Amino acid sequence: MNATSHIELSKKNLQKNYAFIRKLLGKKSVRISSVVKGNAYGHGIEIFVPLAEACGIDHFCVFSDDEAYRVYHAAKKHPDILIMGDIAANAIDWVIQHHIGFFCFSIERLQDALNAAKKSGIPARVHLEVETGLNRTGLNESELKKALMIIEENPEHLKMEGLCSHLAGAESIANYLRIKKQRSKFKRMDEIVRKAGFDNYCRHLACSAALVRYADTRLDMVRVGIMQYGFWPSPEIFIEYCGGRALRTSPLKRVISWKTRVMNVKQVQTGEYIGYGTSYIAHQDMCIAVLPVGYSHGFFRSLSNKGRVLIKGERVPVVGIVNMNGTTVDISGINGIKPGDEVVIIGIQGELEITVASFGEYSNQLNYELLTRLPEHIPRHVVE
Ligand SMILES: *Cc1c(COP(=O)(O)O)cnc(C)c1O
């Protein structure tokens, strides 16, 4: 059976994005970790992970154990997997047995890991997450020292693999001072670790925005989410980067496209209402197309009377209320549209493009949120 819409991922564009990120990182050997939480920002873990591997990625960050499980099974080349957030109590054994690393932001988690590692005889791959100012998760100085002692006492069970923290909004210059403070705090924490006699651990701090704006946060590894998918973390970072270099086009390329097709074409006479209720009245004789996507497919209800899609290379507006399974668009004046014709919701058709940002603006959402709300059930495939 066919789904009513599908998502395409462009391999060529993903390669370009990694090439751009590698160029930014320069010659120094900074490892790229591909952040694939939130179903790979809506791109789909199962399809995105092997695609990223084919582009040379060998490290993935996820939020939780269920995502780690999906990456583990989707991957083809035994990449490193690192859990940055939640691990359910009954999952820690699986995590350790499968050599999956994880952020340790509390002594309890370290103890749980130690117990599980003793049980399985496989060392836990610990990344100590330190508090630098985000105030969400992270060990403070005394907890860090305690954690280091526990690791030192259990070298066969606990492997000190990484030291990390997360920045509190590097995509906005308003947070400049806070980020700088975090960077210094991280340095101090790093010294504590080295003074305790540890070396050869991986230090990582930067997300996409930080790796562009704050070169001194790149350290040994960067955790890249939004940029690999072809989006700037904020308009500010885009303007700062491209404006400063007088670039006309963004070096980042959108990987995702979302397409559906026309389900029905219909004439509507002047004065008739279109769809449920009275939100849209035909002010002239109109021709409309019905698309088989609605809010249950991730086409937001807030796009009612606002959204735009591309048909036959033209940009056409949504008219009336977005339904659970259907949306109506105005195709008056465009000849020859018939059921089955391709409709682009996000992506390029002919000369025109609907970007995720513009799709988002019609509905007032952030790229990040919008992408992750693309339903998992929409089939996804790779295009070259
Ligand atoms: C989401 C996340 C990232 C990646 O952020 P982007 O802005 O998408 O690059 C990095 N680190 C942590 C801890 C995260 O939660």
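Mentor: In this predicted model, helix H6 (residues 107-120) packs with helix H7 (residues 141-153) at an angle of about 10°, and their axes are 10 Å apart.

Trainee: Why are H6 and H7 called roughly parallel to each other?

Mentor: Angles under 35 degrees count as roughly parallel, and the angle here is about 10°, so H6 and H7 receive that name. On the H6 side the contact is made by Ile 107, Leu 110, Gln 111 and Leu 114, while H7 brings Glu 143, Lys 146, Ala 147, Ile 150 and Ile 151. Sorted by class, the contact of H6 with H7 has six nonpolar, one polar and two charged residues.

Trainee: What makes the aromatic pair of Trp 232 and Phe 238 tilted?

Mentor: The structure holds 10 aromatic pairs. In the pair of Trp 232 and Phe 238, the distance is 5.7 Å centre to centre, with 50° between the planes. Rings pair if their centres lie within 6.5 Å, and planes under 30 degrees apart count as stacked, over 60 as edge-to-face and the rest as tilted, so this pair is tilted.

Trainee: How do you know whether Trp 232 counts as buried or exposed?

Mentor: Buried means under 20% relative accessible area, and exposed means over 50%. Trp 232, at 10%, therefore counts as buried, whereas Phe 238, at 31%, falls in between and counts as partly exposed.

Trainee: Which residues form one aromatic cluster with Trp 232 and Phe 238?

Mentor: Phe 20 and Tyr 241 belong to that cluster, and Arg 245 lies over the face of Tyr 241, at 3.8 Å from the ring centre.

Conventions: Residues numbered from 1 in each chain as written. Predicted model: local features only at pLDDT ≥ 70, side-chain atom pairs only at ≥ 80, totals over all residues. Heavy atoms only, no water. Phe/Tyr/Trp six-rings, centres within 6.5 Å; stacked < 30°, edge-to-face > 60°. Buried < 20%, exposed > 50% of the residue type's maximum accessible area, 1.4 Å probe, protein only. Lys NZ or Arg CZ within 6 Å of the ring centre and 35° of its normal. Axes fitted to C-alpha atoms, helices over the stretch in contact; angles between N-to-C directions. Helix = DSSP H or I, 4+ residues; strand = E, 2+ residues; numbered from the N terminus. Parallel < 35°, antiparallel > 145°, perpendicular 65-115°, else oblique. Contact = heavy atoms within 4.5 Å. Nonpolar A, V, L, I, M, F, W, Y, C, P; charged D, E, K, R; others polar.
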